[in-house]
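Work through the exercises below with the sequence and the model open. Try each task before reading its solution.

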Amino acid sequence: TVPSTTTAPPTPAAPPVVARITRSLNARWRGPTSPTGPGAPLIPSSMFLTEGLVELAFSGGTEVILQAPVDLRLEEDDQMFLGGGSISARIVNGSSGFIVRTPSGTVVDYGTEFGVAVNCQGETEATVYQGKIGLRSGSDPVRIGDSKLLIEGQAGRVDQAGKITETPYHANQTIREMPKYSGFAVPGRRLSLADVVGGGNGFGTGDWGSALDVLTGKRIEEFYYPGGNGVRWQEPPLDDYAYAPVPDHDYIDGVFVPVSATGAITVTSAGHTTELSFQPVNTRFGTGIGNWSKPPKGKRAVNPVLNGRLYGIPGRPAIMMKRNKGITFDLAAIRMALPGVKIEAFTALCGISESDRTPGNKATASFLVLVDGAARFVGSDLTPASGGAAVRVDLSDRDQFLTLITAFSAVGNPRNHSVFAVPALELVLAQNGIEGATPEPRTKPEKQQ
């Protein structure tokens with residue numbers, strides 16, 4: 001007899017490494033085994049970043065920053081599928097290019113730096129920081145619908161129907177550099193409303209010292225020292241003021257002066273009104289609502305102090321709302337831009353800076369937090385000696401508008417640096433995460449416009 005021989009089955013080839021983690025900050029993936037450390041290899045797979053930031057270096061030569069929450073699939077060394085959330089990408093020298101597919105569109109780079117965001121409805125928005133990209137409707141690599149070339153300083157959106165429209169360009173749309181240190185805002189966990197006031201996305205991209213004109217809704221720069229831009233004092237007669245929309249930021253619905261001859265004050269673009277239980281005795285107000293910060297070298301500033309701690313610094317931001325001011329944030333727009341998260345609460349400290357405790361200063365102010373026009377927090381007649389009052393307002397998915405108001409209630413001309421310090425939207429992962437993020441076929445589209 002001839003002994004039988006058996007041949008061992010061939011060993012399956014190891015999946016290719018398409019990217020490696022270069023840096024991460026406060027990163028947490030769905031699932032306990034996903035790596036976060038520098039150098040960790042990543043193979044083609046689906047991943048869901050629930051918190052923090054992760055920077056990837058793709059083998060094809062592209063650097064990508066993921067901002068939680070983000071649902072993605074790594075497909076090849078120069079291609080990924082973004083099911084929901086925000087990324088930024090930088091094409092380095094020697095790269096073969098990069099492709100980002102989404103549920104509604106495809107972004108094809110032509111040597112560039114760009115950002116891509118996919119909202120709760122699966123709409124795709126692309127922003128070009130340098131170079132140019134091709135924005136296409138649809139993820140199908142074979143069937144190409146509408147397409148548009150976008151260059152530096154342009155942005156475009158693909159809606160659910162596949163229609164491409166040009167949208168306003170915002171330089172602070174996505175995080176483009178990994179922070180060196182952990183800050184107050186953490187993607188997927190805590191959104192800073194002070195950063196939003198500064199024109200940012202809530203996670204550190206805003207400009208410290210930037211402000212909004214409470215009369216026009218337009219942006220004011222260099223809001224950091226007495227007598228500078230944005231500190232123009234107004235003392236008109238008691239009257240009704242128009243609600244001013246803020247055109248340059250989707251997260252901010254509008255701003256207003258909470259002074260009214262009739263008592264009714266419009267606080268949202270949807271027509272919600274409120275009647276203050278008190279009227280400001282002194283109707284004077286400065287025109288700026290600012291993202292308070294330490295000033296540039298050589299400039300003067302009075303940073304707020306509450307409960308013995310300094311605020312208006314990167315780790316403890318503050319919204320300066322000196323005298324009589326109001327600002328309304330659009331919670332629905334924020335939810336739309338952050339698929340997979342739930343806004344659980346608004347938290348802050350409010351008060352008049354303890355640095356205003358000067359002899360003879362009789363400053364008093366009241367602080368209100370409204371949700372859809374209804375008062376959810378009232379801090380009445382606080383003084384510089386009161387310290388910071390803790391604010392927590394629980395929020396539901398039905399709540400659309402969050403309004404912050406300061407009302408000056410002292411006569412004379414006392415100092416009153418009234419602030420909402422560490423103002424945050426507390427975020428938690430939604431129960432169902434990001435829905436509708438199933439990747440389309442993985443065939444690579446051709447790089448042609």
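The exercises cover a sheet, aromatic pairs, charges over rings and a pocket.

This is a predicted model, in which local features need pLDDT of at least 70, side-chain atom pairs count only at pLDDT 80 or more, and totals for chains, interfaces and linings use all residues. Residues are numbered from 1 along each chain as its sequence is written, and side-chain values use heavy atoms, with hydrogens and water left out.

**Exercise 1.** State the order of the strands in the open sheet of 6 strands, and find the strands at its edges.

Solution. Strands are DSSP runs (E, at least two residues), numbered from the N terminus. Two of them pair if DSSP finds at least two bridges between them. The order is β18-β19-β27-β32-β29-β30, with antiparallel pairing. β18 (244-245) and β30 (374-382) each have a single partner strand, so they stand at the edges, and one side of each is left without a neighbour in the sheet. Inside the sheet, β19 (residues 252-256) pairs with β27 (residues 325-330) over 4 bridges. There F256 stands opposite G326 in β27.

**Exercise 2.** Classify the aromatic pair of F58 and F98, then that of Y129 and Y169.

Solution. Rings of Phe, Tyr and Trp (its six-membered ring) pair if their centres lie within 6.5 Å; planes under 30 degrees apart count as stacked, over 60 as edge-to-face and the rest as tilted. The structure holds 4 aromatic pairs. For F58 and F98, the centres are 4.8 Å apart and the planes at 65 degrees, so the pair is edge-to-face. F58 is in strand β3 and F98 in the loop between β5 and β6 (99-101), 40 residues apart. For Y129 and Y169, the values are 6.4 Å and 65 degrees, and this pair is edge-to-face. As for accessibility (buried under 20% relative accessible area, exposed over 50%, partly exposed in between; 1.4 Å probe, protein chains only), Y129 is buried at 4%, whereas Y169 is partly exposed at 31%.

**Exercise 3.** How many residues of each class line the largest pocket?

Solution. Ala, Val, Leu, Ile, Met, Phe, Trp, Tyr, Cys and Pro count as nonpolar, Asp, Glu, Lys and Arg as charged, and the others, Gly among them, as polar. The lining has 10 nonpolar, 14 polar and 5 charged residues.
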